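The entries follow the order in which I looked things up.

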Amino acid sequence: MPPAASPGSTAARRVPMRPSIDPPRTPVAERAARIRFRRALALMAMTLVVPGSAQLVAGSRRVGRIALRTWLALIVVALVSAIALAIDPELGLRLAFAPGLLLLLRLGLVALALGWAFLIVDAWRLGQPLTLSLGHRRAVVGVNGVLCFGVAGTLLFGAHLVNVQRDLVLTLSGDGVVSDAHDGRYNVLLIGGDSGPDRWGLRPDSMTVASIDASTGRTVLISMPRNLKNFTFPAGSVMARQFPKGFDADYLNGVNTWAQDHKELFPGDKDPGMTATISAIEGVTDLKINYWAMVNLRGFSDLVDAVGGVTLNVRTPIPIGGIGSKVYGYVPAGTHRLTGHQALWYARSRADSDDYSRMARQKCVLNAMLQQISPQSAIAHFSKIADASAALISTDLPASQFGTFAALALKARGQRISTLSLVPPLINTGAPDMDLVHRKVAEAIAKAEGDAPVVQAGGAGSGSGGGSKPKPRPSDQPITGGSVGTLKTGYVANQADDLGSAC
């Protein structure tokens, strides 16, 4: 044994060296360190795959059992849901538009994100990071951070999307009363306005009834020109008592304004203008309207951009601008994928054309949007579509009915859409023959339901008299304002049994 150093010796005054952070290790120690490192990684991987398993192996068994049972319950729910959706695909759409269920799903995703992140952090703790070498310790911390942010971030983003969907449903839904289908069809009034939120409904640009088969989704678009006059209202209605011989105070698009100026005739009615407009549409079409939706054409541009554009066959250049302002551009002729700005002007332009040509083009836009916006595209652009839709549509459709109509829209994709426009030469807009109008509406619906011979676009029966002499094929017809046909002969897209072929 070496002699002890005296108090004043150099050895006694020597400062002991600090041990290094990672002192040299023997092969046995290195092997043990690698085992501990692999164990730490394994515990986190186990938590990623089966939450709670790390706690069952190396931590609190009570926490592990709760987490594992919760995980197994979620798997069972997911499997049952998948089977139910496989049997009834429409169920998913109905559930996706149920605000109460969406709120529960959002809260569940947030709770799952927090709980899972806690288990991953706890698995890191169970791996005893302080016993690892510095390099292994840093690696474990990095892996833990990636797993926590990856799992929790994904679930929280999912919760955000669910909340966006719920907000959209609540924003769009109206206070209308749930209405059953009439004669097997839902009749929805679509009103297009182009005057901003403070003037919606005052002077509608377009009025179309979408008559939808409640079982198949087969749709007939029945459009009325804004300059229709001297039409009658349903017997017994407020407007019928005021105008028993027909509405001669203004055009069809002025009914809303007239009713707003005579609110005393509609005591207790929050929106007499819409009530009177619906009454007018029911009188013109002889159809009972279930719901209405006001479409702001200014917001339509954002919706088209949100889905990445819409492909349309532009038959002739369509002016951008005009009618009170200068034409400052054109939507070029040809088949193009149009931006929202271009699609809006394709649908609304009246320069170098007329109202009835515009009505035909608007139908082509509706058909293209229905056929081209797939569920996959809607999911991929969900947030943008939700933002655009909130500014685009106002409706009285109750939230409980959104799923029903979403399912019908899915059924309608890929099916023929029929159109009927109550315009010249079929109808005299200044003095319409109401019996003829009602008969043409009934015939169009009967054809769509297969109860009458189907006539191809522009064929016999689509004109005013439904004569036996067929019209030329669309490719042989003249083109005015981008629509096949003319004001005198009528536009093919306005009277078609297959709107897609007419466009």
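Entry one, the disulfide. I began with the link of cysteine 364 and cysteine 503, which is left-handed, with -95° about the S-S bond. The model is a predicted one, and I read its values with that in mind. The two sulfur atoms, S to S, are 2.0 Å apart. I counted one disulfide in total.

I then asked which parts the pair ties together. Cysteine 364 sits in helix α13 (residues 355–372), while cysteine 503 belongs to the segment after α18 (499–502), so the link ties parts that are 139 residues apart in sequence.

Is cysteine 364 buried or exposed? I found a relative accessible area of 7% for cysteine 364, so this residue is buried. Cysteine 503 has 18% relative accessibility and also counts as buried, because the cut-off for buried is under 20%. I looked up cysteine 148 as well: with a relative accessible area of 11%, cysteine 148 is buried.

Entry two, the sheet. I traced an open sheet of seven strands and wrote down the order β9-β4-β1-β2-β3-β10-β14. The pairing in this sheet is mixed. Which strands stand at the edges? They are β9 (393–395) and β14 (495–496); each has a single partner strand, so one side of each has no neighbour in the sheet.

I took one pair from the sheet for a further look. Strand β3 (residues 219–224) pairs with strand β10 (residues 417–421) in the parallel sense, over five bridges. Isoleucine 222 has leucine 420 in β10 as its bridge partner.

I looked up how helix α10 (residues 272–285) meets helix α17 (residues 434–448): their axes come within 7 Å and cross at roughly 85°. That angle makes α10 roughly perpendicular to α17, because 65 to 115 degrees counts as roughly perpendicular.

Which residues make the contact? From α10 I listed Gly283, Val284 and Thr285, and from α17 Met434, Val437, His438 and Val441. Sorted by class, the contact of α10 with α17 has four nonpolar and three polar residues, and no charged ones.

Note on methods: Residues numbered from 1 in each chain as written. Predicted model: local features only at pLDDT ≥ 70, side-chain atom pairs only at ≥ 80, totals over all residues. Heavy atoms only, no water. Axes fitted to C-alpha atoms, helices over the stretch in contact; angles between N-to-C directions. Helix = DSSP H or I, 4+ residues; strand = E, 2+ residues; numbered from the N terminus. Parallel < 35°, antiparallel > 145°, perpendicular 65-115°, else oblique. Contact = heavy atoms within 4.5 Å. Nonpolar A, V, L, I, M, F, W, Y, C, P; charged D, E, K, R; others polar. Pairing = 2+ DSSP bridges. Disulfide = S-S within 2.5 Å. Buried < 20%, exposed > 50% of the residue type's maximum accessible area, 1.4 Å probe, protein only.
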